Amino acid sequence: MSYVDQHLLPNETVTFKTTLHWKVYVWPVLLSALVCAPLIVLALRREHKPLAAAPALVIVALLGAAFIRRSSSEYAVTSKRVIAKVGVMQTRSVELLLGKVEGITVTQGVMGKLFGYGEIVITGSGGTKEPFDGIQAPFDFRRAVQAATDGGSAG
C-alpha cells in the first residue's frame, strides 16, 4: 500500500497521482551499457571469468537504486491536500491543505518538454517553498491542484 493511501484522512479521495519520471534510469543505463557491460564482456573472454561478477553487481546496484528512488516517490492531489513524498531510508514528506497552497510553479527545460517531466515548487501560506525535481506530468499535477482548489473542496 502506498504512502498516500496509508495516510488518507476520513472522507478524503485521491484525484491525481504521479511519480518521478523514468529519466531516473537514464544515467544508470548509460553507465551500465558504456562502462560495466564492456567490462563484463572482457572478463568473460579472458580466463578470469569470475571478475565479470563485479561489474554485474554494479549494474544491479545502479538500476536497483533508480528503481527504488522512483517507486518510493509519490506526488498526489486529494480532495483535501497536496501530498509529496520522496525517499525510503530518509523520507521527506510535504502535506499541505488545499486552502494553504498559494501557488505551484512548474519549470520545464527543452528535454522536459520533449519527455514530459519538470520541476514543481509548491508555495504554501507564509511563503514556504518546497521544490521537487523530475516530476512526471508536472502541468497535469498543477492542473489537478487548481481544479481541486477551484472546485470548492479546499478549506
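User: What relative accessible area does W22 have?

Analyst: In this predicted model, local features need pLDDT of at least 70 and side-chain atom pairs count only at pLDDT 80 or more, while totals for chains, interfaces and linings use all residues. Residues are numbered from 1 along each chain as its sequence is written, and side-chain values use heavy atoms, without hydrogens or water. Buried means under 20% relative accessible area, exposed over 50% and partly exposed in between (1.4 Å probe, protein chains only). W22 is partly exposed, its relative accessible area being 41%.

User: How many aromatic pairs does a search of the whole structure find?

Analyst: Rings of Phe, Tyr and Trp (its six-membered ring) pair if their centres lie within 6.5 Å; planes under 30 degrees apart count as stacked, over 60 as edge-to-face and the rest as tilted. Under this criterion, the number of aromatic pairs found in the whole structure is three.

User: With which residue does F16 form an aromatic pair?

Analyst: The partner lies 6.3 Å away centre to centre, with 65° between the planes, making the pair edge-to-face. F16 belongs to strand β1 and its partner to helix α5, 125 residues apart; helices (H or I, at least four residues) and strands (E, at least two) are DSSP runs, numbered from the N terminus.

User: Which exposed residues does the face of α5 turned away from its buried side carry?

Analyst: P138, F141, A144, V145 and A148 are buried in α5. Seen down the helix axis, these buried residues fall within an arc of 120° (taken from the directions from the axis to the C-beta atoms), so they line one face. The face turned away carries A147 and D150.
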